[in-house]
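The sequence and the structure come first, followed by the findings.

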Amino acid sequence: MKIVTKVKDLISLIKNINGKVGFVPTMGALHEGHLSLMQNSKNDNDITVVSIFVNPRQFGENEDLGKYPRPKNKDISLCKSLDIDILFMPEESSIYQSSDEVRILAPKNMAQVFEGEIRKGHFDGVLSVLIKFFNIIKPQNAYFGKKDAQQLLIVKHMIKDLFLDINIIACDTKRDKHNLALSSRNIYLDKNAYNNALKIPYSLENVLQAVLSGENNSIVLEKIALECLAPLEIDYCKIVDFNLEAIKTIKKDNSLLILAVRVDGVRLLDNYWF
Ligand code: AMP
């Protein structure tokens, strides 16, 4: 595995590759969810490039960028254990070269709701770094988790709007043995908070059961989810289409339930794709 920290070194490595390149962008603190994206990329491509970059542009003013976990050596070992070809761990200054640079703005209607309403400018930051990575790495395939549904849908939108020739591969959410979605933030949950967080998979399971029994009304399904989540602090819990617009009834392959809750101050996201 080659570990690359400089953009120019990665560009010259990429120039010499013959074959399909798969790309997995991450912020590190790797868990089985990230590893499943990497495994998908390895299965589909000749070369897999993984990036680990805690992107300052996607953190809001009141979010503590400094506190984001950075277990560098463990992350490197995990990538090695998967036999990743190239691990890109750039310095911030090599990605953002000046304070006055071309900016990417995420589409308002999709990016200023839900996560974007709570984390102002978050998706502008996500897209700004991704477009750089895509230009440097020139992947045929890029892998994103369905866990971050809004991010995935906005990235797909950028690919379409900017005519980028990259397949965005949506990967299923990996869960622990109690069905809680894996997240780098789960380490902040103590035992009691963890038990409370299990209301999230419980609510998704109940919504699924209702859908299987024929329910398709969004308000009814949202109510079921909310009742199961109580008394957790809910940021949002909504059924939307792939433009992130509220819909009255769910439609197969164009609707999802997205939710964000706070459990003892830890924000957890999850969703169900109908
Ligand atoms: P992050 O490091 O949090 O930016 O995540 C990097 C990628 O891993 C994103 O595409 C996430 O959606 C994806 N991811 C995060 N958690 C999971 C999970 N539990 N299962 C599958 N993919 C995940």
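Which residues lie nearest the centre of the largest cavity, and how many residues line the largest cavity?

## Largest cavity

The model is a predicted one. Met27, His34, Tyr68, Asp148 and Gln151 lie nearest the centre of the largest cavity, and its lining comprises 46 residues. Strands S2 (21–26), S5 (141–145), S8 (256–263) and S9 (266–273) each give two or more residues to this lining, as do helices H2 (32–44), H7 (122–137) and H8 (149–161). The largest share, six residues, comes from H7.

The volume of the largest cavity is about 880 Å³. By class, the residues that line the largest cavity are 21 nonpolar, 16 polar and nine charged.

## Second largest cavity

The second largest cavity has a volume of about 40 Å³. Its lining is formed by Lys147, Leu180, Ala181, Ser183, Asn186, Ile200, Leu268, Leu269 and Asp270. Strand S9 supplies the largest share of this lining, with three residues. Strand S9 (266–273) is also among the elements that give two or more residues to the lining of the largest cavity.

The lining of the second largest cavity divides into five nonpolar, two polar and two charged residues.

## Extent of the search

How many cavities of 30 Å³ or more does a search of the whole structure find? The search finds two cavities at that cut-off.

Definitions and conventions: Residues numbered from 1 in each chain as written. Predicted model: local features only at pLDDT ≥ 70, side-chain atom pairs only at ≥ 80, totals over all residues. Heavy atoms only, no water. 1 Å grid on protein atoms, 1.4 Å probe; cavity = no way out; pocket = protein on both sides within 12 Å on 5 of 7 lines; lining within 4 Å. Points joined across faces, edges and corners; volume = space filled by probe spheres on them. Helix = DSSP H or I, 4+ residues; strand = E, 2+ residues; numbered from the N terminus. Nonpolar A, V, L, I, M, F, W, Y, C, P; charged D, E, K, R; others polar.
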